[in-house]
Amino acid sequence: MAGCCAVLRAFLFEYDTPRIVLIRSRKVGLMNRVVQLLILAYVIGWVFVWERGYQETDSVVSSVTTKAKGVAVTNTSELGFRIWDVADYVIPAQEENSLFIMTNMIITVNQTQSTCPEVPDKTTICNSDSNCTVGSTGTHSNGVGTGKCVPFNESVKTCEVAAWCPVEDDTGVPTPALLKAAENFTLLVKNNIWYPKFNFSKRNILPNITTSYLKSCIYDAHTDPFCPIFRLGKIVADAGHSFQDMAVEGGIMGIQVKWDCNLDRAASLCLPRYSFRRLDTRDLEHNVSPGYNFRFAKYFRDLAGREQRTLIKAYGIRFDIIVFGKAGKFDIIPTMINVGSGLALLGVVSGPSCCSLLIQTGPSSGISCTATVLCDVIVLYCMKKRYYYRDKKYKYVEDYEQGLSGEVDQ
Amino acid sequence: MAGCCAVLRAFLFEYDTPRIVLIRSRKVGLMNRVVQLLILAYVIGWVFVWERGYQETDSVVSSVTTKAKGVAVTNTSELGFRIWDVADYVIPAQEENSLFIMTNMIITVNQTQSTCPEVPDKTTICNSDSNCTVGSTGTHSNGVGTGKCVPFNESVKTCEVAAWCPVEDDTGVPTPALLKAAENFTLLVKNNIWYPKFNFSKRNILPNITTSYLKSCIYDAHTDPFCPIFRLGKIVADAGHSFQDMAVEGGIMGIQVKWDCNLDRAASLCLPRYSFRRLDTRDLEHNVSPGYNFRFAKYFRDLAGREQRTLIKAYGIRFDIIVFGKAGKFDIIPTMINVGSGLALLGVVSGPSCCSLLIQTGPSSGISCTATVLCDVIVLYCMKKRYYYRDKKYKYVEDYEQGLSGEVDQ
Amino acid sequence: MAGCCAVLRAFLFEYDTPRIVLIRSRKVGLMNRVVQLLILAYVIGWVFVWERGYQETDSVVSSVTTKAKGVAVTNTSELGFRIWDVADYVIPAQEENSLFIMTNMIITVNQTQSTCPEVPDKTTICNSDSNCTVGSTGTHSNGVGTGKCVPFNESVKTCEVAAWCPVEDDTGVPTPALLKAAENFTLLVKNNIWYPKFNFSKRNILPNITTSYLKSCIYDAHTDPFCPIFRLGKIVADAGHSFQDMAVEGGIMGIQVKWDCNLDRAASLCLPRYSFRRLDTRDLEHNVSPGYNFRFAKYFRDLAGREQRTLIKAYGIRFDIIVFGKAGKFDIIPTMINVGSGLALLGVVSGPSCCSLLIQTGPSSGISCTATVLCDVIVLYCMKKRYYYRDKKYKYVEDYEQGLSGEVDQ
């Protein structure tokens with residue numbers, strides 16, 4: 001019982017701390033202080049000023065809607081004079097973070113379910129019915145083979161297929177693009193952001209933007225950096241590409257919206273920054289399967305009630321809106337951790353290298369490190385018997401020249 | 001050679017560990033133990049119980065499909081009595097994590113490619129042909145100017161355009177919303193989740209949900225929290241908004257599905273939690289360009305084979321389904337690291353503040369720290385000569401009063 | 001003033017470092033070295049070789065486009081002989097990272113706005129008008145009740161509704177799937193990736209792929225692992241499911257593209273890896289609401305100008321393309337940090353356990369730890385008075401047997 005008590009007393013009333021050699025040397029001391037000065041500069045400069053170590057941070061949550069405007073005119077032999085507006089060239093009508101604008105197309109009108117010759121190709125050209133297989137469907141064929149060899153035009157015969165006839169002939173892409181006027185179309189991007197931790201929300205149509213300004217403005221990085229209406233040609237040009245080149249075979253553009261906000265400053269200073277990038281890399285030397293296109297159809301009924309369709313191979317530019325950013329706001333926890341680490345780094349107390357790690361790690365490590373540091377500070381600087389304890393913890397070593405003989409082991 | 005051997009022997013057979021001052025003082029010792037008690041409470045309470053430090057965690061991988069149901073009736077002068085079902089009001093028919101339900105619209109029927117007067121506007125109103133430019137296409141115009149000034153109605157003349165005619169007049173949004181009955185439409189959300197690390201998958205249609213329950217249930221946070229069928233009006237109301245207000249000009253709703261699972265417990269306890277939030281912020285003071293709408297068209301052929309279309313400016317609510325969550329399961333690695341750190345924090349061995357960092361860092365740091373700690377534990381507690389080694393490592397310092405003279409430097 | 005100067009001098013010219021006990025013992029020394037050897041093996045093996053600790057890393061940014069090819073034939077009583085091509089079975093025509101291919105359907109042709117009997121169901125079967133409510137719209141009804149009870153067929157009477165008539169009867173899904181030939185359709189996935197930090201971009205159509213190879217190749221994990229054209233049947237089979245089963249009721253397939261690149265090696269070795277997974281879990285015991293389907297309509301005008309539509313309940317497979325991966329490239333900062341930590345871990349200097357943490361933490365902690373370590377190295381190994389300082393820092397403890405009496409406290 002008595003032994004047990006002694007153990008408990010020892011457990012409760014003892015405190016241990018590493019013993020330190022204190023070297024009194026100009027060279028070493030100065031070197032040490034220079035290192036500490038560098039650390040101090042790092043802590044203040046990098047951690048506090050640059051990285052804003054006193055702030056809690058949060059990532060952006062965003063919702064995006066888009067609306068295109070503009071009218072184009074085409075005058076082709078197939079369609080005659082024709083006006084194209086938003087409902088014609090935006091396909092599908094709405095997407096979540098994306099908008100496709102058709103800039104070029106191959107139209108095959110009045111297709112019906114019937115039989116017709118295939119487009120000439122090394123696998124479809126034939127001399128007689130024996131070259132054609134009944135029921136064959138290759139990956140690139142437009143229909144199912146009927147087994148007949150029929151004239152495609154005066155000079156060439158191809159295998160006949162049951163398909164939507166006449167079949168599409170997409171051998172030549174119209175150049176320049178049919179809807180080349182799309183360069184002057186405009187795109188309104190409406191973006192609402194939310195920082196959940198700070199319950200801060202804002203939209204890219206800033207409070208000082210009036211309805212009349214919104215009706216007339218066009219984004220320009222220098223003159224109108226906060227106008228959310230973009231000229232398509234300018235988007236592509238800012239990304240370093242040619243709109244007219246891109247319009248022919250299509251492509252994908254990224255519209256990046258960056259919301260980096262310091263919420264310690266006025267909310268009106270939290271502003272979107274726009275930038276543009278082409279997302280489909282163009283490799284001029286290796287131009288296999290370039291651009292962006294897809295097929296869709298508009299279905300009709302003829303007078304006899306039979307289904308007809310207009311097949312459109314649409315080439316165009318898909319605009320993907322990518323929203324990112326983070327917000328910071330003063331918070332006592334990260335501030336305390338970083339101040340504590342900064343002090344520790346400066347060698348006010350033992351264990352500097354250990355505590356320096358805190359800068360990069362989380363709040364919980366901060367708590368225990370601060371505890372240890374605090375104990376030492378209290379013992380060595382605040383208690384009545386501080387000199388006595390320091391005496392025990394530190395061994396003072398004079399430099400050779402100054403007092404080799406004077407030293408005493410403590 | 002002999003010197004080399006000596007160096008090697010010294011290298012192999014030496015071990016160093018910091019020297020410690022052990023202070024025998026009630027004040028300091030108790031303070032130290034109180035700090036350690038706080039750390040222990042933190043380790044057990046926060047790291048183990050709250051943060052589940054003994055678990056490996058993984059993020060959710062999810063796939064979502066949605067299906068709306070419901071029928072609405074409109075009776076307008078333009079369209080007459082008309083029934084709207086899913087295929088009419090969901091546009092496009094399917095999206096990846098999103099569903100748009102049209103609640104209001106401006107319909108312009110029987111548009112054809114021809115010429116007609118523009119909608120009156122400060123830029124389109126004219127007195128004579130000299131006010132109108134041939135070939136002009138403004139950003140907000142519906143077509144290409146023909147240069148003529150023609151009567152829009154009895155009192156106003158506007159510039160004529162080649163366009164889809166008659167042009168849309170969207171000056172007034174129908175109020176209340178045409179499809180106001182959409183408040184009672186239902187939305188079935190099917191969500192499959194997967195935790196790759198644990199190869200655990202589950203869907204939000206729980207095993208105890210029968211086909212008959214699924215046919216009749218409606219989500220309610222209190223009575224039916226696991227029914228995956230939502231009444232649209234309830235979604236908007238739970239987010240604190242009015243469905244009928246939102247239906248007029250449209251908006252975006254987020255349906256958040258949270259899957260936080262403790263896989264140490266029964267799989268049947270891993271359940272989805274639903275919450276709702278309006279994603280497009282409504283700022284009543286600054287109401288420039290509110291709501292959500294887009295245009296699409298349905299194309300027809302008239303008896304002469306000319307293309308006609310019905311243009312619809314669709315206002316509605318887009319429901320974005322956002323799935324998030326993480327799962328945890330017991331794993332020996334994080335458990336060992338956290339137990340080790342906990343012990344170190346308690347000062348069983350030297351280097352407490354250092355090891356506390358482990359709680360926040362990865363398994364590899366755990367390995368080396370545990371190694372160091374282990375060495376010290378073995379040397380100071382398990383070896384035969386432990387008292388001898390402790391004697392060398394520790395310097396015992398009695399408190400002033402208790403035995404200033406009794407101490408010996410060691 | 002003089003006191004102040006003394007304090008400043010002490011501050012500038014002092015350096016402290018923990019005192020160390022150096023134990024000369026075979027057992028302990030060897031144990032310590034073995035532990036260090038394990039740490040060395042860990043540092044070199046895990047940190048450098050496996051985790052590539054000498055590299056800076058970056059996450060992939062990606063854009064995806066898809067294109068399906070293939071033709072199917074159906075021969076049903078409703079539609080007769082009919083060819084289906086891309087524009088018919090891909091709905092909608094384009095999505096951002098996803099593609100839906102219709103494999104089965106229930107078609108209801110020539111629907112018009114009129115009145116007709118509901119599909120028989122326990123809520124719709126009636127004996128007389130008194131069973132039917134005027135204006136009722138249940139969640140599962142196809143229209144608005146007219147209050148009449150009319151014959152559905154010879155034996156059953158149901159309530160009449162104003163709806164798109166005749167109403168869809170989806171009680172039986174066609175088995176096998178109508179477009180079962182979709183198994184042989186192909187899917188071209190075009191994927192551009194970008195690593196922003198290294199400004200490295202690449203596409204999955206590799207430079208050595210020629211146009212003719214791209215026209216004929218089909219992906220196979222063994223023979224053609226870099227062909228970006230996938231047979232739909234193979235995708236489903238590789239994920240361990242049956243295409244024909246999946247085609248009947250639909251489902252969701254994930255196509256995972258992994259780009260893990262070591263940019264220290266040739267760019268041509270940065271290659272995509274494809275894998276496939278079914279994203280909608282199939283639980284055979286609990287098969288409530290299986291598969292994936294949605295409804296859409298094609299709108300027509302009849303000769304009288306009245307709107308008609310063909311309603312299609314489309315069953316099919318949605319292919320979600322999921323791109324992930326990370327790239328690494330040699331960088332001096334992470335290399336220095338990891339080499340420094342490795343040295344510290346080996347106990348060349350004091351504070352091994354502390355520095356080991358660096359491996360997992362960021363560059364800033366590296367800076368200050370390296371600083372401390374450097375100071376000690378210079379003082380104890382490089383300065384003229386190194387033996388003197390070591391004498392003060394270290395206390396040499398011989399093992400019992402070897403020289404208990406020989407030790408001197410220092």
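A residue is called buried if 20 or more other C-beta atoms lie within 10 Å of its own, exposed if 12 or fewer do, and partly exposed in between, with C-beta atoms placed from the backbone. This is a predicted model, in which local features need pLDDT of at least 70, side-chain atom pairs count only at pLDDT 80 or more, and totals for chains, interfaces and linings use all residues. Residues are numbered from 1 along each chain as its sequence is written, and chains are lettered from A and ligands numbered from 1 in the order in which they are written.

**Stop 1: chain A as a whole**

Select chain A and colour by secondary structure. There are 11 helices and 19 strands in chain A. Helices (H or I, at least four residues) and strands (E, at least two) are DSSP runs, numbered from the N terminus. Of the 410 residues in chain A, 45% are buried. Two residues are in contact if their C-beta atoms, placed from the backbone, lie within 7 Å. Counting contacts in chain A between residues at least 6 apart in sequence, 66% join residues at least 24 apart.

**Stop 2: V64 in chain A**

Select V64(A), which belongs to strand β4 (residues 61-69) of chain A. Is V64(A) buried or exposed? V64(A) counts as buried because it has 24 C-beta neighbours inside 10 Å. Now show its contacts: beyond the neighbours within four places in sequence, V64(A) is in contact with N97(A), V189(A), N191(A), I321(A) and V323(A). V64(A) and R203(A) are 139 residues apart in sequence, and their C-alpha atoms are 9.8 Å apart in space.

**Stop 3: two asparagines in chain A**

Most residues other than glycine have a negative phi, and most peptide bonds are trans. Select N110(A), in strand β7 (residues 98-117) of chain A. N110(A) is not a glycine, yet has a positive phi of about 55 degrees. With 16 other C-beta atoms within 10 Å, N110(A) is partly exposed.

Go on to N199(A), in the loop between β10 (186-195) and β11 (200-203) of chain A. N199(A) has a positive phi of about 45 degrees, although it is not a glycine. N199(A) counts as exposed because it has 8 C-beta neighbours inside 10 Å.

**Stop 4: the nonpolar core**

In soluble globular proteins, nonpolar side chains tend to be buried together. A nonpolar core is a set of buried Ala, Val, Leu, Ile, Met, Phe, Trp, Tyr and Cys residues joined through C-beta atoms within 7 Å. The largest nonpolar core has 211 residues, and I101(A), I101(B) and I101(C) touch the most other members. Select I101(B). Which residues does I101(B) touch, not counting residues up to four places away in sequence? They are A68(B), Y89(B), V90(B), A182(B), F185(B), L232(B), G316(B) and I317(B).

**Stop 5: cis peptide bonds in chain B**

Select I91(B) and P92(B): the peptide bond from I91(B) to P92(B) is cis, with omega near -10 degrees. P92(B) is in the loop between α3 (86-89) and β7 (98-117) of chain B. Next select T175(B) and P176(B), where the peptide bond from T175(B) to P176(B) is also cis, with omega near -5 degrees. The loop that holds P176(B) lies between β9 (157-165) and β10 (186-195) of chain B.

**Stop 6: an open sheet in chain B**

Two strands pair if DSSP finds at least two bridges between them. In chain B, 3 strands form an open sheet in the order β3-β18-β14, with mixed pairing. β3 (55-59) and β14 (261-262) of chain B stand at the edges, each with a single partner strand, so one side of each is left without a neighbour in the sheet. β3(B) and strand β18 (residues 326-330) of chain B run antiparallel and are joined by 5 bridges. Select D58(B) to find A327(B) of β18(B) opposite.

**Stop 7: strand β10 in chain C**

Select residues 186-195 of chain C, which form strand β10. How many of the 10 residues of this strand are buried? The count is 8, so β10(C) is largely enclosed by the rest of the structure.

Its partners can be shown in turn:

- Strand β4 (residues 61-69) of chain C pairs with β10(C) in the antiparallel sense over 9 bridges, and T65(C) stands opposite K190(C).
- Strand β12 (residues 229-231) of chain C runs antiparallel to β10(C), with 3 bridges, and L187(C) stands opposite F230(C).
- Strand β11 (residues 200-203) of chain C pairs with β10(C) in the antiparallel sense over 4 bridges, and W194(C) stands opposite S201(C).

End at the hairpin formed by β10(C) and β11(C), which has 4 residues between the strands. In this turn N199(C) has a positive phi of about 45 degrees.
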